[in-house]
Amino acid sequence: MGVPLPDTGSVTEDTAVSGAGLLTASGDVDYLFGSDAGQWTAQTITGLYGSALSINTNGVWTYTATNSNSTLQALDTGSSITEVFTVTSTGGTTTITITINGQDEPPCFVAGTLIETDEGPRAVESLRVGDFVLTRDHGLQKLRWVGHRHFGSGAPTLKAVQPVRLCANSLAPGVPDRDVLVSPMHRVLVRNAMVELISGQKEVFCPAHFLINGQSILREPVGEVTYFHLLFEQHEVVFASGCESESFYPGEVGLGSLDPAAQEALMAALAEIGLRPETYGETARPVLKQHEAVILQKFLRPQQKFMSRLTAEAA
């Protein structure tokens, strides 16, 4: 009688997503000795993340997971989770372990976002290298590189990179002063008593998607979207309709979100000012950890009175 061997597979968030919005892996679990053809119990096992593993009588298996699942979309680059499935054969049981790897989305502004400059508010897509943008810490700073990335209606990962809408007053009274759209991983500056209690810092950056509450901060369904990146000599806090948030940071996540041509242009811009990604410096503010953001997200959830006012204004 054959001895069943364990098997493994992996998928990566937002990568090779099917038209049905699924991540897929496949393989063939085997016996250590002898033939396993026709020896396996054909079945489909339900997983935890809109996922399932199907295996046929020959041990050929297929794993699928829903790419838009909230747990998967919360994964960062370098982080992963696993699912373990137990499958049965005439030689006994074994396991198939699937690793789900995280991948960050590009942190940036949606086209149309108004950025404060030396000429007043300007749409982010109108900005060019050499323009001066107002920053929180260092006043007017010259743009060293401007990049962009478009996700069209046919992009298989579009749902995963749909922007986050920060409604007016969602972070604090007057912050932002109008609705602002940013990419899910774009880090906004937050400061309030809860931030200091959670992190010990007066001000922190927090990825926008960590703050989604379905009311005042929420995903924005779009058919297509264009994101813009703004790079300075150092990481800066910039102003977008009263909302303070980050400029582009050329770390592992930022660089990984760019296509080869954009990476080459960015590296040239850094070289011109005598810098490399590894010597660019620290982020302009500490970054809130995900478990800390969960607490803050609940604190930012608007009360019913707030929602009633918004409904009345909309009418």
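Me: Which residues have the most contacts inside the largest nonpolar core?
Reply: This is a predicted model, and in it the largest nonpolar core has 32 residues. Those with the most contacts inside that core are F109, I115, L171, V190, L211, L230 and L296.

Me: What is L171 in contact with, leaving aside its neighbours within four places in sequence?
Reply: L171 is in contact with P176, V188, L189, V190, L211, I217, C243 and L300.

Me: OK, and what does a second, separate core include?
Reply: That second core has 22 residues, including V17, Y31, Y49 and A65.

Me: Zooming out, how many helices and strands are there in the chain?
Reply: The chain has six helices and 21 strands. Of its 315 residues, 46% count as buried.

Me: Let's pick one residue. Is T226 buried or exposed?
Reply: T226 sits in strand β19 (residues 225-231). T226 is buried because its relative accessible area is 19%, and the cut-off for buried is under 20%.

Me: What does the side chain of T226 make a polar contact with?
Reply: With the side chain of H150, at 2.6 Å. Not counting residues up to four places away in sequence, T226 also touches F109, V110, A111, H148 and R149.

Me: Switching to charges: how many salt bridges does a search of the whole structure find?
Reply: The search finds 15. In one of them, the side chains of R144 and E233 meet at 2.3 Å, N to O.

Me: Where do R144 and E233 lie?
Reply: R144 is in the loop between β12 (139-142) and β13 (145-151), and E233 is in the loop between β19 and β20, so the pair ties together parts that are 89 residues apart in sequence. R144 is partly exposed, with a relative accessible area of 23%, and E233 also counts as partly exposed, at 38%.

Me: What about D131 and R122, are they buried or exposed?
Reply: Both D131 and R122 are buried. Their side chains meet in a salt bridge too, at 3.3 Å, N to O.

Me: Last one: which residues make a nonpolar surface patch?
Reply: V3, L5, L32 and F33 make a patch of about 360 Å². L5 lies in the segment before β1 (7-12), and L5 counts as partly exposed at 32% relative accessibility.

Key:
Residues numbered from 1 in each chain as written. Predicted model: local features only at pLDDT ≥ 70, side-chain atom pairs only at ≥ 80, totals over all residues. Heavy atoms only, no water. Helix = DSSP H or I, 4+ residues; strand = E, 2+ residues; numbered from the N terminus. Buried < 20%, exposed > 50% of the residue type's maximum accessible area, 1.4 Å probe, protein only. Polar contact = N/O pair within 3.5 Å; in protein donor to acceptor, adjacent residues only side chain to side chain. Contact = heavy atoms within 4.5 Å. Core = buried A, V, L, I, M, F, W, Y, C linked by side-chain atoms within 4.5 Å. Patch = residues over 30% accessible without salt bridge, like charges linked within 9 Å, V, L, I, M, F, W, Y side chains within 5 Å. Areas by Shrake-Rupley, 256 points an atom, 1.4 Å probe, with all protein chains shown as cover. Salt bridge = Lys/Arg side-chain N within 4 Å of Asp/Glu carboxyl O.
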